[in-house]
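Please consult the sequence and the structure while reading.

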Amino acid sequence: MKYYIETYGCQMNVSDSELVASILNTAGHDAAADIDSADVLLFNTCSVREHAEERVLGRISNEKHRKKAKPKFKIVLLGCMAQRIGKRLLETDTGIDYVVGVDNYRQLPSILAGEAHYALDFDTKEVYRELQPVHSNKHLGFVTIMRGCNNFCSYCIVPYVRGRERSRPYEDILQDMQIAIGQGIKDITLLGQNVNSYNYNGLSFPELLRRLNDIKGYYRLRFITSHPKDLSDELIKVMRDCDKVCEHIHLPLQSGDPEILKKMNRGYSYQHYLERIISLRQQVPDIAITTDLIAGFPGESEAQFEATLNAMREIEYDYAFCFKYSERSGTLAATSAEQLPESVRLERLQRMIDLQREITLKKFRAEIGKTVEVFVEDFSKKSKAQVSGKTRDFKIAVLSGDASLIGSLQYAKVLDATSGTLICE
Ligand code: SAH
Ligand code: SF4
Ligand code: F3S
């Protein structure tokens, strides 16, 4: 059968889709060039916010008409949404034929053969050993180092849909890295919901990074996501010492208010967070820091929201992913009686975005005149006479040039900047 995978959500899902492709190829199926030529359409989905789920349901309802012309055409729901509400969706008229959860991808071939309609059992031992992911991008690679999450931040659905935390064996990670590097991938991101709690038979995350840094060849090493409560001095040292580890850290703050941080069950104080930032900036000069922030958490007062804006001003993130709080049923925060009106959440989100845009512009403009290392990934979105890529510190850079530059490293001078792009030569 020919299959086509559409992926939503975080990089973990991108990585899982590569795993699913590998499982399907091994079972004798082939990737289709587009949906029109596919017999099976798989949606790898996200549940983190309501909007993410609505989008996928809309997409599925747009595609189910294909069953009329192609009676054997199947739609499969994978990922976090499958785990959360897949069984319910299977029972209603959504067009979904099969539902497969995050620990059950090995069962996909038998499910496609019609042996069952769903597989949704959590399996804390499943780390998908002995599978070679099929990289979907020639230049950027993802390597999953752990699965699941044990943190139960009070707003978050991830621990409920991804199951308990487990670390993948070092040998498997090393092999995945070697394969990616062997295929010419030059920018590799290690993935986990909380990479700082990686622990495989006593091997810690900083030590893992040190070992991976020793693999021969040129490549950049990144990781997401770092939880501030577990960010050790040792990790900061490794970032300082290891040449391949890029000068960028994504460190979600979520809120700048002590009470809200407690209610979120984040496990750190703002003071602790700030101390980590100071230490990172001392030891890793020019490190770029990005974050995730939530506007309108239940019970958040105007003053508490302003504490987050103040934190943004104090820290000056290079970039911040700002989200409006979304109730996820089953989580603790969703049971709070203090849910804020949608209008308040939206208005706060907008203020957050506006503030960050100014800060990002300032940060990006500070790069003007510098020479940066750009790994060229593709044509620029705006013009085929320009290419685009990323700097080591995770800024998007565009430069004039043609296809011959794609996949290469360029040292480029920053001429100008917008709040999101460095314009280089
Ligand atoms: N494990 C990662 C990120 C997981 S989800 C971490 O801890 O950083 C990515 C981001 O989505 C979170 O950092 C958070 O900012 C946001 N998020 C999660 N649940 C949310 C919710 N219910 N409403 C709004 N944003 C949410
Ligand atoms: Fe969600 Fe918190 Fe786990 Fe991140 S660490 S996935 S925000 S529960
Ligand atoms: Fe990722 Fe969304 Fe699942 S953020 S872990 S795909 S809920």
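In the classification used here, Ala, Val, Leu, Ile, Met, Phe, Trp, Tyr, Cys and Pro count as nonpolar, Asp, Glu, Lys and Arg as charged, and the others, Gly among them, as polar. The model is predicted. On this classification, the shell around ligand 1 comprises six nonpolar, four polar and five charged residues.

Ligand 1 is surrounded by 15 residues, and the closest are Tyr155, Gln193, Gln254, Asp292 and Ser326. Strands β15 (288-295) and β16 (319-324) each contribute at least two residues to this shell.

Individual polar contacts can be described next. A polar atom in the side chain of Gln254 is 2.7 Å from an oxygen atom of ligand 1. Tyr155 takes part through its backbone, with a polar atom there 3.0 Å from a nitrogen atom of the ligand. In the side chain of Arg49, an N or O atom lies 3.1 Å from an oxygen atom of ligand 1. The protein buries 89% of the 550 Å² that ligand 1 exposes when taken alone.

Attention now turns to the second largest pocket, whose volume is about 360 Å³. It is lined by 19 residues, of which Asp286, Ile287, Glu367, Lys370 and Asp393 are the closest to its centre. The lining divides into six nonpolar, two polar and 11 charged residues. Domain 2 (140-365) and domain 3 (371-424) each provide at least three residues of this lining. Strand β17 (residues 371-379) supplies the largest share, three residues.

Methods:
Residues numbered from 1 in each chain as written. Chains lettered and ligands numbered in written order. Predicted model: local features only at pLDDT ≥ 70, side-chain atom pairs only at ≥ 80, totals over all residues. Heavy atoms only, no water. Near = heavy atom within 4 Å. Polar contact = N/O pair within 3.5 Å; in protein donor to acceptor, adjacent residues only side chain to side chain. Areas by Shrake-Rupley, 256 points an atom, 1.4 Å probe, with all protein chains shown as cover. Helix = DSSP H or I, 4+ residues; strand = E, 2+ residues; numbered from the N terminus. 1 Å grid on protein atoms, 1.4 Å probe; cavity = no way out; pocket = protein on both sides within 12 Å on 5 of 7 lines; lining within 4 Å. Points joined across faces, edges and corners; volume = space filled by probe spheres on them. Domains from an automatic or database assignment.
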